[in-house]
Amino acid sequence: MKLSYLITSTLLIAFLFLSCNKTKNDNQETDIDGVYQSVGYGRILKIIDGEFLLADVTSLSCMPLMDGKISDFNENISYANDTITLKDGINIYLFSRTIDAPQVCKKGTPAYIEAQNNINNPERNFEILWENFKDHYAYFELRNVNPDTMYATYRPKVTAETTDAELFFILTEMLDSFDDGHISISAPDEIEEAAEKLVELNVVDSTISKETNDTQNVEKLNNFKVAEMVANKYIPYGITKNAGILRYGTLKENIGYLQINLMMGLADYGISDTLSLRDYFDHYFEFVEESDNDTKDELIGLNKTLDAVMGSFAATEALIIDVRFNGGGKDEVGMDVLKRLNSEEKIVFTKKGKFGNGFTPINTVTQPASNNAYSKPVYLLISTESASATEIMTLSSLSMPNITRIGSTTEGVFSDVLDKELPNGWDFGLSSEVYLDMNGVNYESKGIPADIKITYSSDKQEFLKKVISDLDANKDASIETAISMVINK
């Protein structure tokens, strides 16, 4: 299914929402045409004659998101009792029929005209961002953020005369204070650069920027480079796939070693493995843009590689899976890796999204299984750099007794990122979901601890320096611990 992002389709959404009501009678009980409000997530869905349009909506804005044909969802969409259920990977989204679209979505209404006349209004853009956080952010209490205090602190800083650079700085400083790795905001480069110059020139007060900039200036180590160093040490004749996103080989102790450095980028688009990571993804995202279903592409490519990987590990004594340098990607990728290690389907966690003062219905997630699952001991190497989709893999592994986790606590950012766009074109994201393990434990902000603890710093640079120091001493603490456990079992 090709879902085209509507960059310039404000008029289209207004037109389609203009006359979106149908009179319903007894013969239309199964007629899916109409307008639907999402249960959580802040979206409005319009369906007419087999075509759909999806938009993000607040009381002040209606932003086109995507359009397409309902039939393209195939078996992933169902309709009953005025409710649409849409499945997307492990996610389930509900849309309830509503009488009409919001006035702000309908061309010619005062609300629509006001929105169009204030696209770049700094105060309005602040209010829209804040409304999204107020309605959809799931962790104010957990992150020790008082929303009323935060609003009272930052809202007065924005006036009708606030420049783009000033607004970006104010929003960045406010969002950074959440200390949530799944919160972000981005603007055109020239605006972000102008905001940085404001700090350098002391035009605005900053409690974070000088320290942050100083840190960025000295930061030289990166996860992918250090991951490559580890692989070169332990599997010098190993196989590299997808520009180093995945590497594998067998250690001299007859232990399989699989290194996965992202939970994405694994589709088989025929891109050279010898490209730099940047060049690889430049090409990769061109294919993603044209893909009918990029998640499906990821899983097909991953499993093609895993067939070779697991075949080479068939006679090994144990398996090490190293995701210490993996910052995330798609949840389904990590769970498909675990499928190769799991012989029986099982419920592994639940998730729910913020909805009003409560949450959406609980989504119970099942870990898929394989008929010929790897049954030897498995050691999952983790660190504070293991984040997001990598933590979903780690969360699922808690229900698999053949897996032992070695390393340090993961980062603690589980929610899918709820991506949004401001009327001025800036993008931002927030955490709107709660994941719980089978004992009802929420690991958000604290991370999942390892079974066998290795002393790694929570600071990225210190962690990477520690790994390099270990390699210089001809050992890697996590890998050597796993090897020792296999030898001494």
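**Entry 1: the loop with Ser71**

I take helices (H or I, at least four residues) and strands (E, at least two) as DSSP runs, numbered from the N terminus. With that settled, I looked up Ser71 and found it in the loop between strand 5 (62–69) and strand 6. A reminder to myself: this is a predicted model. Is Ser71 buried or exposed? Its relative accessible area is 52%, and the cut-off for exposed is over 50%, so I put Ser71 down as exposed.

**Entry 2: strand 2 and its partners**

Next I went to strand 2 (residues 34–38). Four of its five residues are buried, so the rest of the structure largely encloses this strand. I then looked for its partners. Strand 3 (residues 43–48) pairs with strand 2 in the antiparallel sense, over four bridges. Gln37 has Ile44 of strand 3 as its bridge partner. Strand 8 (residues 91–98) also runs antiparallel to strand 2, and four bridges join them. Here I noted Ser38, whose bridge partner in strand 8 is Phe95.

The hairpin of strand 2 and strand 3 has four residues between the strands, and Gly40 takes a positive phi near 80° there.

**Entry 3: positive phi without glycine**

Asp82 has one, with phi near 60°. I found Asp82 in the loop between strand 6 (77–80) and strand 7 (83–88). Its relative accessibility is 26%, so Asp82 counts as partly exposed.

Asn242 is another non-glycine residue with a positive phi, about 55°. This residue sits in the loop between strand 10 and strand 11. How accessible is Asn242? The value is 7% relative accessibility, under the 20% cut-off, so Asn242 counts as buried.

Asp322 stands opposite Leu381 of strand 17.

**Entry 4: Ser397**

I stopped at Ser397, which belongs to helix 12 (residues 389–397). With 0% relative accessibility, Ser397 counts as buried. What is it in contact with, leaving aside neighbours within four places in sequence? I listed Leu338, Leu380, Ile403 and Arg405.

**Entry 5: helix 10 against helix 11**

I moved on to a helix pair. Helix 10 (residues 294–312) packs with helix 11 (residues 331–339) at an angle of about 30°, and the axes are 10 Å apart. Angles under 35 degrees count as roughly parallel, so helix 10 and helix 11 fall in that class. The crossing of helix 10 past helix 11 is right-handed. On the helix 10 side, the contact is made by Thr295, Glu298, Leu299, Leu302, Asn303 and Leu306. Helix 11 brings Glu332, Val333, Asp336 and Val337 to this contact. Sorted by class, the contact of helix 10 with helix 11 has five nonpolar, two polar and three charged residues.

Last, I looked up the open sheet of three strands, which has the order 9-20-19 and antiparallel pairing. Strand 9 (184–186) and strand 19 (417–421) are at its edges with a single partner strand each, so one side of each has no neighbour in the sheet. From one strand to the next, the twist averages 15°. Strand 19 pairs with strand 20 (residues 427–431) in the antiparallel sense over five bridges.

How values were computed. Residues are numbered from 1 along each chain as its sequence is written. This is a predicted model: local features need pLDDT of at least 70, side-chain atom pairs count only at pLDDT 80 or more; totals for chains, interfaces and linings use all residues. Side-chain values use heavy atoms; hydrogens and water are left out. Two strands pair if DSSP finds at least two bridges between them. Axes are lines fitted to C-alpha atoms, for helices over the stretch in contact, and angles run from 0 to 180 degrees between N-to-C directions. Angles under 35 degrees count as roughly parallel, over 145 as roughly antiparallel, 65 to 115 as roughly perpendicular and the rest as oblique. A crossing is left-handed if the near helix is turned anticlockwise from the far one by less than a right angle, and right-handed if clockwise. Contact means heavy atoms within 4.5 Å. Ala, Val, Leu, Ile, Met, Phe, Trp, Tyr, Cys and Pro count as nonpolar, Asp, Glu, Lys and Arg as charged, and the others, Gly among them, as polar. Buried means under 20% relative accessible area, exposed over 50%, partly exposed in between (1.4 Å probe, protein chains only).
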